[in-house]
Structure formats: C-alpha cells, structure tokens
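Subject: Structure handover

Hello,

Here is the structure I said I would pass on. Please look it over first; my notes on what was found follow below.

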Amino acid sequence: MKIGLEIHVALPTKSKLFCGCSTEQVDTPNINICPICMGFPGSKPSLNEEAIILAKSIANILNCKIRDKISFVRKVYFYPDLPKSFQITQLQESIGYEGLIIIDKGKRINIRRIQIEEDPAKIIRSEEYSLLDFNRSGIPLVEIVTEPDITSEEELTSFIFTLKARLYYLGIDIDREIKADLNISLGKERVEVKNVTGTKNLLEAARYEIERQTELISRGIEPTKETRSYDEKERKTKASREKESDEEYGYIYEPDLPEYNIKNYSIRETVDPIEKAKELAEKHAYNPKIILEAIAFDRYALDLIERNEEKYNFNSLMQAIMEIKRFKIDNIDDLSLKMLLEEIEGGFQIDKDTISSIIKHEKVKHSDFSQEGIDNGIREFIEKNPDILRRYIKNKKLADYVAGEIIKRYKAKPKEVLKRTIEILNSMTGQK
Amino acid sequence: MSSYIEEFESKVKPKDYYDRLYDELVRLNPRLNAFNALIKPDKNGIPLSVKDNICVKGIEATASSKILKGYIPPFNATVVERVLKTKRFSIIGKTNMDEFGFGSFGINCEKPAKNPLDEERVAGGSSSGAAIATALLKYHVAIAESTGGSISAPAAFCGVVGFTPTYSVISRYGLIDYANSLDKIGFMARSADDIRVMLDITKGKDNRDPTSTDSKIVGLHHKKLVIIDELIDKVDEKIRSQFFEFVEKLKNLGYTVKNINLNEIDLSIPAYYLIAMAEASTNLAKFTGFKYGFKLNDFSKNYNEFFAEAREEFGTEAKRRVILGTFIRSASVKDKYYSKSLIIRKELIDKLSKVLKDAFLISPTMPIMPPKISEANSMSPVQNYATDILTIPPNLCGLPHISFPYSYSNGLPLSAQIVGSQFNDYGVISFVSEWEKNFEYKFKYNIGEI
Amino acid sequence: MEDKEFDRLLKISRIKLSEEEKQRIQNDIEGILRYFDSVDKFNEAKIKPAFHPIRIEGHPRGDKIEKFEDKDSLLSNTKTYRGFIIGPRI
C-alpha cells in the first residue's frame, strides 16, 4: 500500500498573499476584498513577505532544501471560485524540496516539495447558481507534497499528528481546516481523492478507499487509475465529475512577479514537541507519550512545565498540568500553581471548588475529619443504601464507589477514605 | 515648437473652450472613431486622452472589447493618478483601440478607426484613437500603450510623436493586460518636449506593480546611428528611398551612420508573438461573464457552458490569439515554442545592448504606408504580423523608442523610429527634440487652437 | 492541426466558434504555426531565458492590512444575493 498526500495549510499572516486585505475569518461574505483578490482587470499581485518567512520556516521543520531564489507560475483552469481563472502558485522554483519528517517508530516520510500559492474563493453550491465569497480568495497557502511513503492507516494517523503538532508550534492554526488530496494505491495504479477537508475526513476517506481497493483486489480486479472525491455525508469516496479529468493547466511563468531572493529571510524559531517530550521524559523518567499528549497542541502547558520542572516533583507537576487542562484554566499564576500542587501531593480530590479557591488564593476547604467523622460518614451512607452490603459481597469493587461518594461529599483524603470504607464494609459483611 | 503644454498653460482660455472642444469631437468622432467615450472635463487643464485599456476610476473601460462593456473600474491606474495629482490635466475621453491591443491597424474592434489624413486608410494600432486625437487636437497629450509597436505604428501613420519607454519605467498597475512582460505605457504628443514632461510626471517605482523599477533613467544623446540591414530590406521601395534622404539630412547634422547585420532579428517576430499570445491567453481567461463587464444572465447553463457562451463576446482576433496562446502553453509544445522564444529574447537583448552602448538604432517606423481599410481587412494574419517587423525588436527587448515624422508624401506622413539602450529614455527623446529644431511637423487639423 | 486537437483547445480555453469561424481560424492557425516554427531553428542551449526584458529584483511588501475603502464599487460591477456574488452553477 502506498499513500501520498498533498496538504494545503493556510498561513497565519495578517494580510493576504498578494494584497493588503485582512485574512481574518468573518461571518459576513465579501468584506475583506479588493480589486486584486477579486481578479479585476488592471490589478496586479504584490507578494507578502511574512508568507515567505512562514513558508521557509515550514520547509525548515520538514528538513527541506530551501531555494535561495523563488518564482511563481500561473496554473490556468476555469472554475467560478478562481477569480483570474488562473492560480498563482509554484512549480519548479518552489520554496522547499527534498525534505523528510520522522513519525512514530522512527518511520521516515519523505517530502517532495513545499510551495506557496493563493487560495481560491469560497463557493457555495446551490441548484441554480454558485454563491461566491471572496473573503477567502487570496489567503496564503503552503502546499506540502509528500512521497508515497505512508504504508498504513496507523502511519497516516501518526503523520497527520506529527505534522499538525510541528505546525502548531509555528503558529499555524489547526482549527482552520487543512485541505488535502490523498493519493492511494493498493494495486499498480494511483487513485487520487481530491479536496478532503479536515483530518477526520482524511482518515475516513483513507479508510474507505483502502477497503474499496482491497475488496476489488480480492475479487481479482485491478483498481483503475482515477480521480475521486470524498462525500462527507455518506462517508465514501466517489468517482469524480468531469472537472478534474480534461483540464490542461498550461503553466507559464507569472509575468507580473519577478524572481525573489529569499536567502536573507530569517526562519522562525520553533519547538519540536516530539523531541521536547522525549527530552523531558528522559530527564524525569516519565512516560514520553503522556508528555507529548499534554504539550502537542498546548504551548502554554509546555511553558508551565519548563518553568517549573526544577521546582516541583515532576509526577505531581504533570498531574497539575492535567488538572489545568481539565478545568481549562487560562493563566495560572505561580502561587495558584503552588497551591494546586499542594492539593495534589496531599492526596486531595481536585474539583471545581478546589480550583476556584486556588485561583482566588484562598485556602482550600478540606473537611477536618477525624477517623471518627469519616467512619460516621461511611456508616450513614450504608444505612441510607442498605442493599450495598448485599452487592458488596458479590463485587468488592463497590467499595470504590462508596468511597468515591464519601470523598465527593466530604472532601476527604481519598486513600484514607477508601481504606476505611473497605474495612467497614468488610466488618459489616463479616469478611476480611 | 517646444512645448504645447507650456504654450497652453500660458494662454488664457475662452470660457466655453472645453464645450467647443467637446462639440467638435462629438461631431467628428462618428466618422473617425477615435474615442470610445468623450468627456466634458470640469477642470481646465491640458486636454488629456487615455487609451481605453487604462483604468480611470468611475469611467467605463472596455479595451474596445464587447466582453468588458459596462466595466467601471473602482480605481485609477497609477499613471493616471500621477498625472491627475499634478492638477495640470483634464481627461477628455477614452480612446479607441484594437480589442485588448490585438492589432496593428486599429480595425479589430466594433468601430474601426479611420486615419484623419485619409479616411479610407487605417490609423494604425493598437493605440489608434490616441494617435487620431493627437493628430486632431492642437493642445493635447495622449496616454497610450505598446506591446509590440502599438504606440509607434499609429503615431507613424497619423504623423505624430509616439514614445514607448523602457519596460518597467512606468507602472502597469491599472493597465488591462495584453502581455505582462511586454506591455508598456507611453505617450503621444506633438512634440518631444511634451513627451519629456509626461515621462517626468509618471516614471518611477510603484509598489502596486512589482515589475516597475527605480532604475536611473539617463539621457545619452549619441551621435552614432545604426541601421540593421535585415530590417531595412523589408521596407517598401518607395519608403526606403525617402528614408535614405532623411538619413543624409542627419549626416549633415553631424550624425554618423553605420550598417550592420543581425540575422537573428528575423526571429523576433515569431518569438514576440509566441510570448505575447501565451501570456494573453492567460490574461483573457478572467473574462467569464459574471464578475464585471458583460454579464450573461442565463443561469440555466452550468459553468463550462456559461463561460463559453459569455466568451463569444470576444472578437475574432481575440479568439484566435486565445486559442493559439493556449496551444503554445500546452505541455507537448511548450519547450518548442514558448521556452525557445524566451531564449531568443535574451539573445537579442544581449546583442542589441552591445550595439546600443554608444549608438541609436534608426529605421522607418513601418515598412509600408498606411493601407486602405479594405486592403487591411483582406490581409492574412501572417501578413498582418509581418508589418510589425520594425517595431517588434525594441518592444520584445524592452528598449525605449520613439517614432516621429521626417517627411510627407501625398498628404501622408513618413515616420522614423529611434531606439536606445535600456533606460536611455531621455536620450531618444533628446534626439527628437533636436530633430524638431530642424523640421516642422505639418498638421491637417488644429482643433482647440487658441 | 487535427480536428480533435483543435476541439480540445476550444474546450480548454472555453471558446465557442461558429462553423464558419472554426474553418477560418483553424486554417489561419496552420499558417501561423508554420511561420512560428522558425524559432526552432535557433539552437543555443547555453542561453538562459529572459522572463522579463530587464532584470528585476523582487521586494516583497510588509505584512500590513490595507483596507480597500470602496467595496461598493467592486460589488456594483457584479450581481449579488445576500452579500454573495452570483456565478454559474457547478
């Protein structure tokens, strides 16, 4: 099985690739528009330098060779969402080439090419017309083209995860759905699934297509070379309509733009979260997978770890990070963090009240329970729910449930409560 | 005559000057088809006409194409902005042209232009209207445009001065593109001094046009003139002899003349057309009948049928060039035609730069006298293209050049063209300034005379 | 040029021709291409292509927002529905 991808990623610039219109996502259509991104006759493109810096940085993350000089081409095709009926993109002189990315289990996925290009407009299909919104037209994109090195669904998942995590640390917004073309061949011929939006759909489209081709091959049929599209509603790939097949792009050099010497453009500093997770894991003898999960799409969490890894026990710190994520705490200050860690290390349950207290720097209320107090709490609960004893005999795990209820109500230390609950239940049911 | 602009600004204009100007042009226009639109200006600056492929905010721009009928540009071309900013000019109209610039005679449009000196003959193209306006009006300058000779040819046929600057000197922002690596905005006027004024106002880098530059423009007035034999051989016998008489006059003014061979020059026409058509076919792709200009209202069609039907508004020459341009760009022949032509361009630029280091190229502007309109209509495309042989080399190579009358024969002008090295724009203008000290142009019309 | 090739070109460039125009233009194109074939004679492999007649150094612009003030003048050139621009169906 060979899978290759062509992924389009929108760059987080303030203005569009070739004009000064804002790239901000807005609800009202046709607000961020001008003669250039609408392709008015007489308008000319003007290249945004931030797009070069970001594209160069992406090429760097993907270990690509980066060209000193770049230029652009016109890719000509007719569609209502393409204002000039050509897209300004790159071909030979693309910004990056021959790169690679390492995914899970050390597998290498080679990157063929990285190119800068402009987004077409947004098109809404209606039965009688197309409705067009040019807010999107001219947004800067980077297209990442991989070699067909992915050989399984797991590798595909890992590739997407790794790429997204690396891009996140460049400031690339993973919430703006990425768009991809998927090339899958299980047989000899390559099937292209075009214009899949979002990672969830990408994985589903791949899954469906793998099944489809496998099924054909099992019946002795060779899957034909073709272009397909992904139907989100039905979760299937389908043979594509005519649009893709006959078009000849007739590329020429973009004569409204000169060659650009980009040698001196700096590359943005960025973090490789996978490497970081490994580093931290080794340093603190912790599970790298858990660290990665915490920091892959959360710069703030990484920052917290790095600022506090020497101050506190790492295990507790990681637990604190989980709680911070769980309760969606935006900006925890040093004192609050210290208090949170105290609660964790004290073995206390963390709940909404705990969080609200520590944020206000107020002392967290614990029930000052004596042994007696906890025992009474347990016995009261059992009295109110008598069939617990009967159920406990059959299933010892019920102790956890009972203990949990007590802990919730009284905010007592979990371990102690559980211990006492088990002891009491045992004594009441005559067990050991 | 040094500067009509200065003369106009020094005179007191009668109160109804522009009304009368407008009325006279309205009267003449149906006969000559110089203007696509006539405007009564509200200011009293020097009358200025703008070729209809250059955008003026709020005024229809059609590039003489039916597919742009109704297009109201929401912005001014940079060249127009710079001129209007001086507050010295008043726009009196948009001038007629060959559709999108496709033509050398001014007849590839709905209303073919007529030569004011002989209305049965062509005015030249593609800036036909600009040349006619300059030939009609005493006080006036025209903003025009050249891709392969579209300023030189009509200027030559109508007997006015037509200047095309070095590629990149004047911003193309706001110019409806024919071929982006060949288009240049330039001017027509009745004197070289007026050309100089316009160049001063409009030259220089524009951030909106990345191909514009701030390279220094020089004024080297060489005394050495070069004639390329392969080019002069293609000129009509009658014109050639008169041209040589002119060259003798120049020798008497202190110029030396040298003949050289440059056999690759013959490749300049096919190389030019191959590049121009390839680029043009992409520039015309944006016209699809719904965003601006002509709007097809039939939404029963799907987009492919819709686009094809809307694009029936193109004239025949436009269709021919789009089809050819698309062919030239196709993968199977691209290296053969398009890539080769780009190499030929480089070769010619290098060779001509050497020659022009210390000299100007000189030739007649056109190889023929302005043909009758009926003759022009029956010429084949290849015959048409071949008439550009003298104007294409400087246009392909982005060299500054200027056409000006040197004599008259049976009421029709004979014009010559001077070509300089890249960025020696003021040099070629100087040459003509000097010529004008020794020769007075004749004008049949002097509308707007004070 | 073969009919099939010519028809393909018409399709790609979204150009429709009447029978008469088709005959005429197809004919013209044959002549024009023969004339253009002469560029093949030129055989200098060492020369680089000139994409522009002069050397131009590209200077990108800074990433600043510049609003186009007169949006109405853009939209008034076209047909709209609830703020969307209307185009042919796909």
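**Chain A**

Chain A contains 13 helices and 16 strands. Please keep in mind throughout that this is a predicted model. The C-alpha atoms of chain A fill a box of roughly 85 × 55 × 45 Å along the principal axes. Its radius of gyration is 29 Å, whereas a compact globule of 432 residues would have one near 22 Å. Buried residues account for 41% of the 432 residues of chain A. Of the contacts in chain A with a separation of 6 or more, 65% are between residues 24 or more positions apart.

The domain assignment divides chain A into domain 1 (2-176 + 240-261), domain 2 (273-359) and domain 3 (371-429). Between the C-alpha centres of domain 1 and domain 3 of chain A there are 60 Å.

One helix of chain A can be described in some detail. Which residues of helix H6 (299-308) of chain A are buried? They are A:Ala301, A:Leu302 and A:Ile305. Viewed down the axis of H6(A), these buried residues fall within an arc of 100°, so they line one face of the helix. On the face of H6(A) turned away from the buried side are the exposed residues A:Asp303 and A:Arg307.

**Chain B**

In chain B the secondary structure comes to 16 helices and 11 strands. The radius of gyration of chain B is 21 Å, close to the 22 Å that the globule rule gives for 450 residues, so chain B is as compact as a globular protein of that length. Its C-alpha atoms fill a box of roughly 70 × 60 × 45 Å, again along the principal axes. Of the 450 residues in chain B, 62% are buried. Where contacts in chain B join residues at least 6 apart in sequence, 77% of them join residues at least 24 apart.

The buried residues of H16(B) are B:Asp425, B:Tyr426, B:Gly427, B:Val428, B:Ile429, B:Ser430, B:Phe431, B:Val432 and B:Trp435. Among the elements of chain B that cover them are strand S5 (161-164), helix H6 (192-202), strand S9 (360-364), strand S10 (401-409) and strand S11 (412-419).

**Chain C**

Chain C has 3 helices and 2 strands, and along the sequence they follow the pattern α-α-α-β-β. The radius of gyration of chain C is 23 Å, while a compact globule of 90 residues would have one near 12 Å. The box filled by the C-alpha atoms of chain C is roughly 50 × 45 × 20 Å, taken along the principal axes. Buried residues make up 26% of the 90 residues in chain C.

**Where the chains meet**

How many residues of chain A are in contact with chain B? There are 27, and they touch 34 residues of chain B. On the side of chain A that touches chain B, 16 residues are nonpolar, 5 are polar and 6 are charged.

Chain C also touches chain B: 43 residues of chain C are in contact with 57 residues of chain B. Two or more residues on this side of chain C come from each of helix H1 (3-12), helix H2 (19-36), helix H3 (71-75) and strand S2 (84-88) of chain C. H2(C) gives the most, with 8 residues. By class, the side of chain C that touches chain B has 23 nonpolar, 9 polar and 11 charged residues.

Strand S9 (129-133) of chain A pairs with S2(C) in the antiparallel sense over 4 bridges. Opposite C:Ile85 in S2(C) stands A:Leu132.

Regards

Key. Residues numbered from 1 in each chain as written. Chains lettered and ligands numbered in written order. Predicted model: local features only at pLDDT ≥ 70, side-chain atom pairs only at ≥ 80, totals over all residues. Buried ≥ 20, exposed ≤ 12 C-beta atoms within 10 Å, placed from the backbone. Arc of directions from axis to C-beta. Domains from an automatic or database assignment. Contact = placed C-beta atoms within 7 Å. Nonpolar A, V, L, I, M, F, W, Y, C, P; charged D, E, K, R; others polar. Rg over C-alpha atoms; globule rule 2.2 N^0.38 Å. Pairing = 2+ DSSP bridges.
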